[in-house]
Amino acid sequence: MGAVAGTREQAGMYQSVVDQLLSDAAQEKGMRRRGLVLASLTRLKQICNHPVHALGDRSRLGGRSGKLGRFDELVDELLDAQERALVFTQYREMGELLQRHLLERLDRRVPFLHGGVSKNQRDRMVAEFQNGSAVSPLLLVSLKAGGVGLNLTAASQVV
């Protein structure tokens, strides 16, 4: 699969962060400069996910992110084929946005396994996904929470 094209909004936000970084980095040295670069990289990744992720607001999701548009296409294909899938995200905030988006789009709540989920909830989510009784054939998983002690063999696809 090739690269996913962003929206004009994403491109403008991205360019603005790059321009600001280039300007600010010229003024800094050493650790302050490294910190500035790392913070900017994080912001750029958030912009690539979705403008709402970068802005931290609750504005409209649809039509504003090339990545989310492609995600919707993948979800439609998975659901049409009756596949079960794990959807990984690096950021809890993005997982929450995906959860909101899927609820609005599919009219069903998709479980989200992240670091704030209790052990009992986590065990229940995993068991329901594994035995097919989950309310959704999708399970959102943060990389941090999903990287430890999970056995999710029921998924036939990973996003």
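Predicted model: local features only at pLDDT ≥ 70, side-chain atom pairs only at ≥ 80, totals over all residues.
**Helix α2**

I looked up what the buried residues of α2 pack against, and found α1 (8-25), α3, α4 and α5. The residues of α2 that come out as buried are S40, L44, Q46, I47 and N49. I then checked the length of the helix: α2 has 20 residues and reaches 29 Å from its first C-alpha to its last, which is close to the 28 Å expected at 1.5 Å a residue.

I went on to H50, which I found in the loop between α2 and α3 (51-55). Is H50 buried or exposed? I noted H50 as buried, because its relative accessibility is 1% and the cut-off for buried is under 20%. Setting aside neighbours within four places in sequence, I listed the contacts of H50 as Q10, R60, L61, R64, S65, L68 and M94.

**Helix α4**

For α4 I made the same kind of check on length: 15 residues at 1.5 Å a residue should span 21 Å, and the end C-alpha atoms are 21 Å apart, so the two values agree. Its buried residues are G66, L68, F71, D72, V75 and L78, and I found the buried residues of α4 packing against α1, β1, α5, β3 and β4 (157-158).

D72 counts as buried because its relative accessibility is 15%, a value to be set against the cut-off of under 20%. Which residues does D72 contact, leaving aside its neighbours within four places in sequence? I found H101 and R105.

**The nonpolar cores**

I next traced the largest nonpolar core, which has 17 residues, and wrote down F71, L98, L102, L138 and L140 as those with the most contacts inside it. At least two residues of this core come from each of α4 (66-80), β1 (85-89), α5 (92-106) and β3 (138-142).

**The largest pocket**

I then turned to the largest pocket, which holds about 410 Å³ of space. Of the 18 residues lining the largest pocket, N49, K67, F88, L98 and V159 lie nearest its centre; I had already met N49 among the buried residues of α2, and L98 in the largest nonpolar core. Which elements each supply at least two residues of this lining? I noted α2 (30-49), α4, β1 and α5, with α4 giving the most, at 5 residues. By class, I recorded the lining of the largest pocket as 12 nonpolar, 3 polar and 3 charged residues.

**The second largest pocket**

My last entry concerns the second largest pocket, with a volume of about 250 Å³. Its lining consists of 14 residues, and those lying nearest the centre are R109, P111, F112, R124 and M125. Helix α6 (residues 119-131) gives the most to this lining, with 5 residues. By class, I recorded the lining of the second largest pocket as 8 nonpolar, 3 polar and 3 charged residues.

Conventions:
Residues numbered from 1 in each chain as written. Heavy atoms only, no water. Core = buried A, V, L, I, M, F, W, Y, C linked by side-chain atoms within 4.5 Å. Buried < 20%, exposed > 50% of the residue type's maximum accessible area, 1.4 Å probe, protein only. Helix = DSSP H or I, 4+ residues; strand = E, 2+ residues; numbered from the N terminus. 1 Å grid on protein atoms, 1.4 Å probe; cavity = no way out; pocket = protein on both sides within 12 Å on 5 of 7 lines; lining within 4 Å. Points joined across faces, edges and corners; volume = space filled by probe spheres on them. Nonpolar A, V, L, I, M, F, W, Y, C, P; charged D, E, K, R; others polar. Contact = heavy atoms within 4.5 Å. Expected span 1.5 Å × (residues − 1).
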